[in-house]
Amino acid sequence: MPKFNYRNHNLKNNFWRKLIGSPDEFPLESRIFHSISAGLIVLASLYVPYNLYAKLYFGSLSALVFGLFFSYQYYHSRFRGKPHNNIIFGLAGIVIFGLNYFTNSGIDGSTDLIWPAYLLLIFAISPYRQHIIWLIVYLIGFIIIHTIEFYFPTLVKHPFIAGKGQFIDRITAFPLPVILTYLIIKFIRRSYDVERNATEEKTLALEKSNIEKSKLMSIISHDLRTPLLNIQNYLALMNEIDSLERPALEKELLNSTNNAVEMLSNLLHWSKSQLTGTNVQMIKVNLLEVLLNTLEMEKTHALKKEIDFSYTIPPKLMVTADVDMLQLVVRNLLSNAIKFTSNNGKITIDAQLIANECRLTVSDNGKGIPQDKIENIFSVKAEPSYGTNNEKGVGLGLVLCKEFMEHQGGRISFESKLDEGSSFFIFLPVK
């Protein structure tokens, strides 16, 4: 199968855009006019010498006038920013085609083939409010010209002899309306497809924005409010309980506080990335050094559930990353692993080079991910889940992980089996 030549394709696209102008510079009617004008200028340059050769002197003259007229209007519209004149175009068509009708065999000639295509051109380059006017004008003009021929047939000149002459006339005249119609329909269809795709993209972006807003309001109104209320209640109870119950309550208070801090941290990071964008600072770093504090801190949290927590990262492994983003991603993955791993479970972290990438793996033998949640695991549509000790997040941790990995030129993936555990993989460039 032949390979697609992207270079030639891009050159053609760039040439076409220079020829007709970009959507940012010109409205649809002007771009249609530019494309049709270019085609008609080429056709006119062919019809002028042909009509001279065929001794159709008025036809040659009309083709020349048309070519110059379109060239002038195209130049001023495309390069001088002056809109084309719809009225001049409409009236010029009636005059030139009317005269051509009488000099080129009348109803037996080829002029009638061109009328509908030229009217289609007028429709394409004029505002909607003018369409009915031009339709009426051209219908009246068409009827008047044919009526004049009917009553005064001697006014019509017949430069072609029957048979061969008429055959050549029709064969050479037919491409003009066909090519004109093709250019108009193709451009309108292409413009419609482009604008339809743009509309669909805007609709999807709006839907995503609405989902994100709903998610944010849900987090603020319920998910974040709940742990803060728990903390408030725990503090109120502290003064009412005896010393034997106090350690258990303090433990619950600490868990609720940690949960609230994690939720608030993810919420703030996500909100900032949505509102102001993300500033990425990629530098070459030692992977173990930048993650050591994060690993040790999460190891402390894992020990509270008596989880076997171990990591194996080559001490000289260098990667290219944004340090803050990388730490947040790993912290979220480890926090999830601890949350969904039961007491006395196991979590392992290892890193290794694969081709030109570093793969960091966070594995656990916890609850695993239910099948119905896998599809939206990296989406704001994901519903938050409860951990083995009823820890609850806001469903934004993995959304942040995916966004931040992509900002660093990396990616994230996972494998999971229900009730057996999960493994999350992040891939980072090493150069």
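How many aromatic pairs does the count come to? The count comes to 12 aromatic pairs, where rings of Phe, Tyr and Trp (its six-membered ring) pair if their centres lie within 6.5 Å, with planes under 30 degrees apart called stacked, over 60 edge-to-face and the rest tilted. The model is predicted, so local features need pLDDT of at least 70 and side-chain atom pairs pLDDT 80 or more, while totals for chains, interfaces and linings use all residues. Residues are numbered from 1 along each chain as its sequence is written, and side-chain values use heavy atoms, with hydrogens and water left out.

**View A. Ring pairs of Phe79 with Tyr74 and Tyr75.** Tyr74 and Phe79 are edge-to-face because their ring centres are 6.0 Å apart and their planes stand at 90°. Tyr75 and Phe79 form a tilted pair, with 6.1 Å between centres and 40° between planes. Tyr74, at 10% relative accessibility, counts as buried, whereas Tyr75 is partly exposed at 41% (buried is under 20% relative accessible area, exposed over 50%, partly exposed in between; 1.4 Å probe, protein chains only).

**View B. Helix H4, residues 86-103.** Helices are DSSP runs (H or I, at least four residues), numbered from the N terminus. Just after H4, Ser105 has a positive phi of about 75°.

**View C. An aromatic cluster.** Phe97, Trp115, Tyr118, Trp134, Tyr138 and Phe142 form one cluster.

Terms used:
Helices (H or I, at least four residues) and strands (E, at least two) are DSSP runs, numbered from the N terminus. The expected span of a helix is 1.5 Å times one less than its number of residues.
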